[in-house]
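Subject: The structure, and some notes on it

Hi,

Here is the structure I promised to send over. Have a look at it first, and then read on for my notes.

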Amino acid sequence: MNTLLPKLLSFSLFGGPNPVDALPQPLSEEAWQQLFDDSRRQAVTSLLYDAVQLLPKAQRPLRRVLFHFTSMSQTIEHNNGRRQEALVHFAQMVDQRLALPVVVVKGSSLARRYPVPLHRECGDNDLYTGTDTDRLCDLVESLHISVNRDDRRHASFSFEGVSFECHNYLLYHDDDPQWDCSGRFSLLDTQLHALSAEHEAFFLAKHIEHHAVFFHQPVRLRDVVDWCVLVRSADFDFQRLRQLAKGTDVECFVELLTQYGISLFGSGMPNAPACCETRGLTDRDFESIYMECPLRHRWALVRVARRAGKYLRFHRQYRTLYGQSMFRRFYLHNVWVAIKQRL
């Protein structure tokens, strides 16, 4: 990842200094194109565009590259606008027909904390519907919309051309806490519900860590930005998050992720702890374990060999993070999942 990219995001999001001022010469067109390409891979193109807009005109990219930023940002805004409109219409329908609150997780719930909410790249609308999932799905099916209920964790469907996921539970091992859904925010003059800031952070940490470890999907810069935007929110209490994470498989991960975010974006996060309890792990450990994941190989034998090599190479770090080897944690988990699927 280009080291200038997080510095520019720090400049626009967290009050960091203008990093272009410190460069010995202006960025070339090729360098700006590389930044644009990197921002696309890291899902932060519109956020980088916001930083570009804050730069003095003499420091901005030439028109050809700037056109790429503008065009991509307009596309992201348009897609997010459609997604938000569908979310609002769905919430209004659920309120009118079932008198149920709509609890939004990730997506618009995180985006509302950004200076320009439509510039946070989102995919589908994730909702926590718990024991009301079947009622909501029955309502959707009554509109002649197909609902996929094959996944025990969530049901999925398309509403107004936008993908929705209604979650029976949010975590991955049937170990959800009693979620605090007291958070609220307004979207297009409609009141929506959300998890409290600490519960949102706990779920986000679980989601990021699980996908990196079990699905081998690298943590992207957008994930780190999400975390830091949430951690610096006025309604966030890090000590409460520590209590939620204590004794779980993300107890150390939340500390390491926070420390990594602080090192990337500087000290512009007033609610973050002065010192994270990373147990001797470093930023480089975080990058190696969670961010450097090769593309999925088509041969299972190659995937197993790569995974085993990584588990051996970072055996000490995994022990520190989880209190056990990753061979035990990953393979026992997968065997148990396979057994449950056959029961």
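Two residues are in contact here when they have heavy atoms within 4.5 Å of each other. Please keep in mind that this is a predicted model.

Leaving aside residues up to four places away in sequence, Phe286 touches Val219, Phe253, Leu256, Leu257, Tyr260 and Met291. Is Phe286 buried or exposed? Its relative accessible area is 0%, so Phe286 is buried. For a sense of distance, take Gln191, which is 95 residues from Phe286 along the chain: the C-alpha atoms of the two are separated by 37 Å.

Next, the pair of helices around that residue. Helix H10 covers residues 251-265 and helix H11 covers residues 283-291. They pack with their axes 10 Å apart, at an angle of about 115 degrees. Angles of 65 to 115 degrees count as roughly perpendicular, and H10 and H11 are therefore roughly perpendicular to each other. Their crossing is left-handed. On the H10 side, the contact is made by Phe253, Leu256, Leu257, Gln259, Tyr260 and Ser263, while H11 brings in Asp283, Phe286, Glu287, Tyr290 and Met291. Sorted by class, this contact of H10 with H11 has seven nonpolar, two polar and two charged residues.

How many does the structure hold? The count is zero. A disulfide needs two cysteine sulfur atoms within 2.5 Å. For Cys166, the closest cysteine sulfur belongs to Cys137 and is 5.4 Å away, so it is too far for a bond. Cys166 is also buried, with a relative accessible area of 0%. Cys293 is in no disulfide either; the nearest cysteine sulfur to it, that of Cys252, is 17 Å away. Cys293 counts as buried too, at 15% relative accessibility, because buried means under 20% relative accessible area.

One last stop is helix H13, which spans residues 315-322. Which of its residues are buried? They are Gln317, Tyr318, Thr320, Leu321 and Tyr322. Just after H13 comes Gly323, which takes a positive phi of about 70 degrees.

Best wishes

Technical notes: Residues are numbered from 1 along each chain as its sequence is written. This is a predicted model: local features need pLDDT of at least 70, side-chain atom pairs count only at pLDDT 80 or more; totals for chains, interfaces and linings use all residues. Side-chain values use heavy atoms; hydrogens and water are left out. Axes are lines fitted to C-alpha atoms, for helices over the stretch in contact, and angles run from 0 to 180 degrees between N-to-C directions. Helices (H or I, at least four residues) and strands (E, at least two) are DSSP runs, numbered from the N terminus. Angles under 35 degrees count as roughly parallel, over 145 as roughly antiparallel, 65 to 115 as roughly perpendicular and the rest as oblique. A crossing is left-handed if the near helix is turned anticlockwise from the far one by less than a right angle, and right-handed if clockwise. Ala, Val, Leu, Ile, Met, Phe, Trp, Tyr, Cys and Pro count as nonpolar, Asp, Glu, Lys and Arg as charged, and the others, Gly among them, as polar. Buried means under 20% relative accessible area, exposed over 50%, partly exposed in between (1.4 Å probe, protein chains only).
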